[in-house]
Amino acid sequence: MKKLSRAKNGVQLKVAFNIINTNLTRLTLNTSEGYELFINASSHNVYVNIVSNNFFGVRHGLETLLQLIVCSLSINSIKIISGAYIKDKPLYPYRGVMLDTARHFISIRSIKRTIEGMAMSKLNTFHWHITDSESFPYGSTTIPELSTLGAYSPSKIYTPSDISNVITYALIRGVRVIPELDAPAHIREGLENLKITVDCNDQHSQLNPILEKTYEVLEGIYKDIIEDFHPELFHMGTDEVSLSCWMQDESIKNWMKNRNWDLIEANGARLLNYFQNKALGRYRKHQKIDTPIIIWDGILSQDEYLQNIPQSRYIIQVWNGGNGYEKDLIEKGYNIIISSINPFYLDCGFDIHCQNYNTWENIYDFRIFNEFNINDEDRHKILGSEVTVWTEKIDDSYLDSRIWPRASAMAEIFWSEPDETSSKVKQRFLYHRERLVQIGIGAEAIDTEWCIQNGRECSNLIRLSKINTIFLIHFLSSSCLLLHRNSFPKISVATRYTGDEYLQNISQSRYIIQVWNGGNGYEKNLIEKGYNIIISSINPFYLDCGFDVHCQNYNTWENIYDFRIFNEFNINDEVRHKILGSEVTVWTEKIDDSYLDSRIWPRASAMAEIFWSEPDETSSKVKQRFLYHRERLVQIGIGAEAIDTEWCIQNGREFNLIIIWDGILSQDEYLQNIPQSRYIIQVWNGGNGYEKNLIEKGYNIIISSINPFYLDCGFDVHCQNYNTWENIYDFRIVNELNINDEVRHKILGSEVTVWTEKIDDSYLDSRIWPRASAMAEIFWSEPDETSSKVKQRFLYHRERLVQIGIGAEAIDTEWCIQNGRECSNLIRILLGTMVTQKQMQQKRKIQILLKK
């Protein structure tokens, strides 16, 4: 019996636990989580008794008890119901949150906070998607170089100690931790360095299924995962595997041909099944208990390939279902977990790939029977559901607001499948969200503070909409009231009563009109009538949109950045001054302190830039700069929304642009397959107008012509002419390529190349330097001088390289270094043989100066 609290002149609350099986410490799919809760009151005490088969049930009972205790501000006391009997258990054994910690590293502190919210919502499964293409932050003991090379930084690695800490923390809160190693796709960083991957030419790689080393590496990782996680279930991924990627690889094609496998999709799926069975065999070698295996729905779960996936071994997690797909899997005998994009993807609404924001109401009103048309007999094949949090555009700063309280909505419908709809339980969700906030979870607001304080009245309130507000003046201090009428500020008015029929009442000299609901020439009409206006159009300047049925489209920073006044309003320069500027708006029905920053930044920065300078570039051209700007905001403590993965920040333009050598793909007949916006062509084998042709077709190019930029030439029959530093220095783009200034920007620069067939460490420096310096100077400034004019400076530059330990090639005698410009005019018969008295004197002077 435990005394929890005692109020002055109040009663004691005494809680007793009755756990039938105290030895059960593993949470499996068969573990009963039910409980009974008894509350009885006397004049001095309230007695609570919680009975369950195990610790997990008792913990849920305690959570229910906490929900029955409320704080009454009106009488400054805590209240609890005086009597109750509750018998409760979940309908589904799997109720989870999947968190991706690879696109952005998520701190252990935030993971624990997520688990705390799960416990409060009676969720029982934390699915840890710990690695992906962009990073490998899992600290494998067997193969430590995976995280050394694959993590964003040494401080962004999950160590065995971190994992143990999380697992213990979760278990105490009734949550199991399921690790996922997604394979064979969704891998790159860390694993690529082990030479076991196939490049898919789209910033992604896949494991090579025909290499024995692939399975040796996987076995090492599996062994570590089993030791670190002791998992009750294990997720093997298999998400979004590209069969065509494998079947374009020559070694894999030959392997398949040797087995008489034709290069068709069915045999690609056969190869995936080969991979899956071998990988599973390596996992089973180290897992002592028969762990259920989860995979994402995909190729292997298509009708024609299902025979390779035994029902007794695999659970299928469905994210891309619909059209009877889930029902079909159930009727074939599979256990499934529901993670449909709509409504369970919590990252949707912020990206063109997944545009609809899933509100807590969308989630709460989801019902399995309505969606899948299954009967009671098959109900047990649905193990439960999981909301997913993919972190391409999410990081620590506002993770909480992306998850909560929406995950709680899923928690409730998969605990009890309630009869009520979201509109009936809104007030309870308002209170639940407040409870999350009180323990430090930055949960998203679901309505105004007024609604929290006024209870059910909120739902029935007929509220004046923002469009009924005629004007609003913010007085910064009482001294504002002393302003002389003639100096009174202009008043900004909203646009409800600024239609043509009312405009005669709004004087142009007195009023500025802030337009939020314009379009169809409305702004232009106001301007032509002489009004100054401020642009705050819903699309794209309302930053609260995307989270409510009244304003469904989330305005991305790209939407904002690509907005241009002239394109939108068709006005001319003469009246441009009537547009005073713009204002993004942040209405806070569903926003509070917890994540205000992420609703504003960096989207407000996009508006700031276009109304500062109206740049010529589009958002795609400035993305990298915005990634850095967002990082600057975060560094000073502003929780700005992420606009792409951490990988993109570290790898710069690599994400947006791919460089390829000129070759078959860049020949005229194939160029249609190479989009100009995506590819840069590095030209090594040009000439005869080839570079000019590429530029005129809109391609950006990098110049690496054999003559003069191949630094290994001159030592091989295949490339016989040695490119001197003078050849390189005297190269001029305009002379060589015959292009004009208008397209000059399409040449991004140059690169010297060092192919090492006949070069090694011993004299690498001498092959590169100072010739690379000659290229550096001409692509820095395109100087007017020729090499003969700058030779003395290059002699000195070469000496500077040598002084810091770089074995640069000599470009003339030491005598030339010491005797300056005379070197160029000297007629030398033999080195050092006809030295005049004057030259000897000059040499001694230089030596004396150097000694000083």
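Helices, of at least four residues, and strands, of at least two, are DSSP runs numbered from the N terminus. By that numbering, N520 lies in the loop between β19 and α18 (522-528). The model is predicted.

- Strands of a sheet pair through backbone hydrogen bonds, either parallel or antiparallel.
- Strand β16 (residues 335-338) pairs with strand β17 (residues 382-389) in the parallel sense, over three bridges.
- Across that pairing, I337 stands opposite G384 in β17.

**A buried strand**

- Strand β19 (residues 511-515) is largely enclosed by the rest of the structure, because five of its five residues are buried.
- Both faces of β19 are covered. Y511, I513 and V515 are buried on one side, and I512 and Q514 on the other.
- β19 pairs with strand β20 (residues 532-535) in the parallel sense, over four bridges.
- Within this pairing, Q514 stands opposite I534 in β20.

**Helix α8**

- Helix α8 (residues 265-284) has 20 residues.
- From first C-alpha to last, α8 reaches 28 Å, close to the 28 Å expected at 1.5 Å a residue.

**Aromatic pairs and charges over rings**

- The count comes to 41 aromatic pairs.
- One of them joins W360 and Y364, edge-to-face, at 6.2 Å centre to centre and 70° between the planes.
- W360 and Y364 both lie in helix α11 (residues 360-364), four residues apart, about one turn of the helix.
- W360 has a relative accessible area of 3%, so it is buried. Y364 is buried too, at 0%.
- W725 and F794 form a stacked pair, 4.8 Å centre to centre with 15° between the planes.
- W725 lies in helix α28 (residues 725-729) and F794 in helix α32 (residues 787-803), so this pair ties together parts that are 69 residues apart in sequence.
- Both W725 and F794 are buried.
- F105, F126, W128, Y138, Y158 and F229 form one aromatic cluster.
- The charged end of K122 sits over the ring of W415, 5.2 Å from its centre.
- R188 lies over the face of W647, 4.4 Å from the ring centre.

**Backbone spots to check**

- Most residues other than glycine have a negative phi, and most peptide bonds are trans.
- A cis peptide bond joins A183 and P184, with omega about 10°. P184 is in the loop between β10 and β11 (197-199).
- Another cis peptide bond joins N707 and P708, with omega about 15°. P708 is in helix α27 (residues 706-709).
- N520 is not a glycine, yet its phi is positive, near 55°. With 87% relative accessibility, N520 counts as exposed.
- E782 also has a positive phi, about 45°, although it is not a glycine.
- E782 is found in the loop between α31 (771-781) and α32. Its relative accessible area is 25%, so E782 is partly exposed.

Technical notes. Residues numbered from 1 in each chain as written. Predicted model: local features only at pLDDT ≥ 70, side-chain atom pairs only at ≥ 80, totals over all residues. Heavy atoms only, no water. Phe/Tyr/Trp six-rings, centres within 6.5 Å; stacked < 30°, edge-to-face > 60°. Buried < 20%, exposed > 50% of the residue type's maximum accessible area, 1.4 Å probe, protein only. Lys NZ or Arg CZ within 6 Å of the ring centre and 35° of its normal. Pairing = 2+ DSSP bridges. Expected span 1.5 Å × (residues − 1).
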